[in-house]
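Work through these exercises with the sequence and the model side by side. Try each task before reading its solution.

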Amino acid sequence: MTTHHSGSSDTATMPTDVNARLSFFDRFATKAAAFVSGAWFFAMCVLLVLVWAPSYFLFGDVDTWQLIINTATTIVTFLLVALLQNTQRRADEALQHKLNAIADALADLMKQVAADRQLKQLHEDMRELRAAVGLENKEGT
């Protein structure tokens with residue numbers, strides 16, 4: 001299997017080209033995503049609401065009472081969005097690298113079969129497949 005594509009101006013990143021070393025933040029985000037997607041985190045959220053609900057009697061003012069839960073949930077949501085976006089981006093990139101490897105191997109196989117059998121349509125399909133690699137960087141809305 002080759003890692004460089006002929007006929008394409010930009011080469012796709014292949015799985016073997018990816019640095020396996022994760023930064024501290026990436027490792028932290030991975031662990032945080034695993035934790036917040038589990039039952040323990042959900043239980044902690046339920047517990048927070050159960051502790052907050054009767055706290056109205058401590059504050060006596062509905063505005064202060066609501067401000068506390070709104071502030072707490074906004075902060076948690078804000079931080080989780082950043083962490084989960086990090087893990088989602090890395091998952092998307094990993095999936096793209098896997099698809100690049102599959103497309104490259106398939107294109108190489110198609111090239112070999114087309115060369116052996118002189119199949120014009122297979123040559124065109126191979127060009128389209130190679131052009132599709134990295135397409136997410138070219139498409140827009």
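**Exercise 1. Decide whether Trp-52 and Trp-65 are buried or exposed.**

Step 1. Both Trp-52 and Trp-65 are buried. Buried means under 20% relative accessible area, exposed means over 50%, and partly exposed lies in between, with a 1.4 Å probe and protein chains only.

Step 2. Keep the source in mind. This is a predicted model, in which local features need pLDDT of at least 70 and side-chain atom pairs count only at pLDDT 80 or more, while totals for chains, interfaces and linings use all residues. Residues are numbered from 1 along each chain as its sequence is written, and side-chain values use heavy atoms, with hydrogens and water left out.

**Exercise 2. State how many helices and strands the protein chain has.**

Step 1. Helices (H or I, at least four residues) and strands (E, at least two) are DSSP runs, numbered from the N terminus.

Step 2. The protein chain has five helices and zero strands. From the N terminus on, the order is α-α-α-α-α.

Step 3. Of the 141 residues of the protein chain, 24% count as buried.

**Exercise 3. Find the salt bridges and say where their partners sit.**

Step 1. Side chains of opposite charge can pair when their charged atoms come close. A salt bridge here is a side-chain nitrogen of Lys or Arg within 4 Å of a carboxyl oxygen of Asp or Glu.

Step 2. The search of the whole structure finds two salt bridges.

Step 3. In one, Arg-90 pairs with Asp-26, and the closest N and O atoms are 3.6 Å apart. This pair links distant parts of the chain: Arg-90 is in helix α4 and Asp-26 in helix α1 (residues 24-36), 64 residues apart. Arg-90 and Asp-26 are both buried.

Step 4. In the other, Arg-89 pairs with Glu-93, with the closest N and O atoms 3.3 Å apart. Both residues lie in helix α4, four residues apart, about one turn of the helix. Arg-89 is partly exposed at 36% relative accessible area. Glu-93 is partly exposed at 38%.

**Exercise 4. Name the residues of the largest nonpolar core and follow Met-110 through it.**

Step 1. A nonpolar core is a set of buried Ala, Val, Leu, Ile, Met, Phe, Trp, Tyr and Cys residues joined through side-chain atoms within 4.5 Å.

Step 2. The largest one has five residues: Ala-107, Met-110, Ala-114, Leu-122 and Met-126. α4 gives the most, with three residues.

Step 3. Met-110 is in helix α4. Met-110 counts as buried, at 12% relative accessibility.

Step 4. List its contacts (heavy atoms within 4.5 Å). Leaving out residues up to four places away in sequence, Met-110 touches Leu-122, Asp-125, Met-126 and Leu-129.

Step 5. Compare chain and space. Met-110 and Met-126 are 16 residues apart along the chain, and their C-alpha atoms are separated by 6.2 Å.

Step 6. Asp-125 is in helix α5 and counts as partly exposed, at 32% relative accessibility.
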